[in-house]
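Try each task yourself before you read its solution.

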Amino acid sequence: MTDLEALILRLIKLPAETVWLEFKRNNDNPEEIGEYISALSNSAAYHERNDAYIIWGIDDKTHEIVGTTFDYRTLKVKGQELENWLRQLLSENAIFQFYTITLKEKKVVLCLINKAMFATVKFKSEEYIRVGSYKKKLKDFPVMEGQLWSRINNDRFEKMLAKQDLSPLAVLQSLDYGSYFELIHIPLPNSTEAIIHYLAEEEMIINQDNGLFAITNLGAILFAKNIELFNTISRKSIRVIQYEGNKRTATIRETDGRKGYASGFQGLLQYIEGLLPAKENIKDGLRNAGTLYPQIALRELIINALIHQDFSISGTGPMVEIFNNRIEITNPGIPLVDAKRFIDNPPISRNEMIASLMRRANLCEERGSGWDKVAALCEVYQLPAPKIEIYEKHTKVILFSYIKFGNLTSEEKKWSCYMHACLKQVSGEQMTNASLRERFGVPESNKSAISRLIAATIKAKLIKALDPDAGPKYRSYVPFWA
């Protein structure tokens with residue numbers, strides 16, 4: 001018996017049709033089919049189900065398998081095949097698929113419909129929904145419409161399905177479940193049933209109507225053995241590109257990560273660190289190799305790119321680009337917090353389930369502390385403050401290697417000055433000329449250059465004097481928002 005046959009046999013055992021299930025005999029009216037796809041998709045979202053169904057060849061009263069003459073492959077609408085005609089008139093977020101199955105030597109046709117995602121599903125620009133056993137226009141039920149939109153807007157990417165119709169063995173073959181138990185510090189269970197239980201409790205998998213399992217995006221994106229085998233996230237693997245020199249004119253190597261973000265993160269970080277130029281510190285006559293960048297800062301920036309990306313932007317994923325003098329980390333989506341307030345504001349994550357599990361696995365810092373550590377470590381290494389560039393659909397953070405104070409651009413100096421003031425403020429202190437000199441490694445003899453930088457940063461409205469009436473020697477400074 002196929003998975004689809006098992007699904008249909010389970011559905012016909014239900015006592016009656018539901019708002020997400022419609023039985024028909026031979027009704028092949030194209031307009032009605034389009035309206036039903038809209039109504040059932042929206043109803044599935046309203047009732048927080050992943051799928052809805054139309055089944056031809058089932059008596060809607062007795063649920064007896066009676067067979068059907070309906071054939072979606074041969075039915076023409078104005079010269080077009082039914083399926084093509086429907087896809088032109090349904091909104092782009094309508095996801096459905098027809099199947100033909102033989103049950104008890106009778107033809108049955110199934111239309112499997114995904115719940116509405118990102119927006120309501122429309123047919124000919126009209127939204128429909130099931131109210132009881134009736135198909136209605138959504139606009140006639142404003143309370144339901146508001147509730148539906150609320151549920152769609154709150155629907156998490158992590159709970160959407162990445163792969164369906166899997167046996168327990170197929171689930172374990174698809175996910176690196178061993179790394180999950182290792183990262184969460186739970187002993188690996190001895191039975192498949194127990195492993196499946198834990199994965200279901202974490203909402204990495206769910207039980208389907210046909211008795212099989214589906215892997216959610218949460219499970220796939222964090223613990224896939226191979227991300228490319230999951231269609232919904234295949235373009236979300238992290239790409240690492242190393243260039244020769246400081247420009248993109250010559251590529252040395254380019255690699256796409258295959259493993260899930262959690263199970264593959266330590267290997268990813270080690271791989272990136274292996275590509276970075278090393279610096280040598282000579283102490284007590286011994287050579288000690290180190291990296292040009294603080295490991296924790298690099299770790300946090302990459303984790304942030306993975307966790308805070310916008311998964312609704314298709315066809316693109318996180319990227320790490322390595323140059324001789326900098327690392328650029330790009331992710332889809334723009335920040336939900338003003339870039340100037342990364343240090344003092346708690347982060348708002350689009351993907352809280354991913355963020356929560358990554359924190360429990362000790363792969364990222366506690367909420368709100370990651371960016372503080374990045375900025376603080378750049379000061380310890382006397383690196384320029386990380387630069388944040390925001391584009392229409394992407395965010396890029398640039399981590400620079402060491403640059404002498406005199407070689408920094410005016411914007412780099414002002415941004416680093418502002419970030420220093422922010423760090424001081426959140427630690428209960430204030431920036432001074434002396435603290436900024438120490439941050440840049442500038443001797444006291446050059447404090448006039450620091451005074452000019454402070455004045456320029458005030459003019460840029462990034463900082464302000466705590467007490468404008470205080471004498472220059474005793475003056476301290478705070479961020480503009482303090």
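**Exercise 1: a helix and its faces**

Work out how long helix H15 is and which way its residues point.

Step 1. H15 covers residues 447-459, so count 13 residues; from first C-alpha to last the helix reaches 18 Å, close to the 18 Å expected at 1.5 Å a residue (the expected span is 1.5 Å times one less than the number of residues). Helices here are DSSP runs of H or I with at least four residues, strands are E runs with at least two, and both are numbered from the N terminus.

Before going on: this is a predicted model, where local features need pLDDT of at least 70, side-chain atom pairs count only at pLDDT 80 or more, and totals for chains, interfaces and linings use all residues. Residues are numbered from 1 along each chain as its sequence is written, and side-chain values use heavy atoms, leaving out hydrogens and water.

Step 2. Pick out the buried residues of H15: Ala449, Ile450, Leu453, Ile454 and Thr457. (Buried is under 20% relative accessible area, exposed over 50%, partly exposed in between, with a 1.4 Å probe and protein chains only.)

Step 3. Looking down the axis of H15, these buried residues fall within an arc of 140°, so they line one face (the arc uses directions from the helix axis to the C-beta atoms).

Step 4. Turned away from that buried side are the exposed Arg452 and Lys459.

**Exercise 2: a buried serine**

Is Ser174 buried or exposed?

Step 1. Find Ser174 in helix H5 (residues 168-174).

Step 2. Its relative accessible area is 13%, so Ser174 is buried.
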